[in-house]
Amino acid sequence: MGAAKNIWALANAEDAASDAEQIPYSSFVVDTSLPLPLMIPRIIELCKDLFKNWGELDDSLFSVERVSGGITNLLLKVSVKEDTNKEVSVTVRLYGPNTEYVINREREILAIKYLSAAGFGAKLLGGFGNGMVQSFINARTLEPSDMREQKIAAQIARELGKFHKVDIPGSKEPQLWVDILKFYEKASTLTFEEPDKQKLFETISFEELHTEIIELREFTGLLNAPVVFAHNDLLSGNFMLNDEEEKLYLIDFEYGSYNYRGFDIGNHFNEYAGYDCDYSLYPSKEEQYHFIKHYLQPDKPDEVSIAEVESVFVETDAYKLASHLYWAIWAIIQARMSPIEFEYLGYFFLRYNEYKKQKPLTFSLVTSHLSASM
């Protein structure tokens, strides 16, 4: 775990110049394959090692429960009774095995502190060999159906608009095509031990896939879309809402990078379909306009010009295709590397087939828009 330690050391070095609080680091590694009852003692030991004021507390004062487990991470809530009147909770995020194949952890950790300082997500409290500890957010995780509610959609749009204005030090070069081609190189050389998976894998035409990547990269380049620091994974599970306070939280920045604005918004709209990929739930033009207006002008959404909304709508429609390619190829790698029970190869075909279905419609829309703009 030397690499992980070096990343955290680099994050602290970045902060040294601004006299920011140093992030504690532990070399502990927690086996994510363990059932929760066997994992709990290790989690308690980890927390005691990270936070010295907990070091002498009895294990009985700790409670650990599973918050959620997506298809890459496991989240645990750790509550500690520091004294008779005070209970403190933190979130322990355990990276899924082999996620380094699809996630740049160095990029994530260097960004997360700046995003936290800007008010996004949970506060970063510590790091360890295969995860991080963050402050606990008292809120519920959204479901895909929540995102299409007008009030919540407006909240998400406003929050995303603020998120895209955060300045993260380092290169501002968009990473979309760099990452997609990196995924492609890994995916195209895989082999599977299971005969059924190998047979299904061999039906994928990587030559065709590469042609599509290059064509779409050139086509979207015609739009000159703005580059922002993007979340890149705006699915329902990465939004939390405290209903009483009506406060929305945007969380989990592991795929974050400088990227095209249209990709972040288009990717979010694709996620209305959920993991089942029910694209009949993709937002209507009216719903997209509602979102874009609140994104562009949160205080006076109705004053945004139709021309400006239409421009972002077209940009978003183009990059929704890139979102399909990104997650389709990602799924091939996950099918080979992830121990999580999920039909990743089936997910590849769902995303890639939707890409091919939408491509002619999107290309026609974008071409007409560009012609009218000349």
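This is a predicted model: local features need pLDDT of at least 70, side-chain atom pairs count only at pLDDT 80 or more; totals for chains, interfaces and linings use all residues.
Trainee: OK, how is the chain divided?
Mentor: There is a domain 1 (36-136) and a domain 2 (141-373), with bounds that come from an automatic or database domain assignment. Their C-alpha centres lie 28 Å apart.

Trainee: And how many residues of each are in contact?
Mentor: On the domain 1 side 22 residues are in contact with 29 residues of domain 2, where contact means heavy atoms within 4.5 Å.

Trainee: How much area do the two domains bury between them?
Mentor: About 2,400 Å² is buried between domain 1 and domain 2, and 66% of it is on carbon and sulfur atoms; buried area here is the accessible area (1.4 Å probe) that two parts lose on being put together, summed over both.

Trainee: How many salt bridges are there between domain 1 and domain 2?
Mentor: The count is 4, taking a salt bridge as a side-chain nitrogen of Lys or Arg within 4 Å of a carboxyl oxygen of Asp or Glu. Helix α3 (residues 105-117) gives the largest share of the side of domain 1 that touches domain 2, namely 7 residues. Helices here are DSSP runs of H or I with at least four residues, and strands are runs of E with at least two, numbered from the N terminus.

Trainee: Which residue forms a salt bridge with R93?
Mentor: R93 pairs with E254, and their closest N and O atoms are 3.1 Å apart. R93 lies in strand β4 (residues 86-95) and E254 in the loop between β10 (247-250) and β11 (257-260), so the pair ties together parts that are 161 residues apart in sequence.

Trainee: Are those two buried or exposed?
Mentor: R93 is buried, with a relative accessible area of 0%, and E254 is buried too, at 4%; buried means under 20% relative accessible area, exposed over 50%, and partly exposed in between (1.4 Å probe, protein chains only). R93 and E254 also belong to a network of salt bridges that links them with R105, E108 and D252.

Trainee: Switching to the whole structure, how many salt bridges does a search find?
Mentor: The search finds 23. One of these joins the side chains of E215 and K359 at 2.9 Å, N to O. That pair links distant parts of the chain, with E215 in helix α8 (residues 206-221) and K359 in helix α12 (residues 344-373), 144 residues apart. E215 is partly exposed at 33% relative accessible area, whereas K359 counts as buried at 15%.

Trainee: What about E45 and R42?
Mentor: Their side chains meet in a salt bridge at 3.6 Å, N to O, and because they are 3 residues apart in helix α2 (residues 36-50), they are separated by about one helical turn. E45 is partly exposed, with a relative accessible area of 40%, and R42 is partly exposed at 29%.

Trainee: Last one, which residues are buried in α10?
Mentor: Q288, Y289, H290, F291, I292, H294 and Y295 are buried there, and what covers them includes α5 (150-163), α9 (261-270) and α11 (306-337).

Key. Residues are numbered from 1 along each chain as its sequence is written. Side-chain values use heavy atoms; hydrogens and water are left out.
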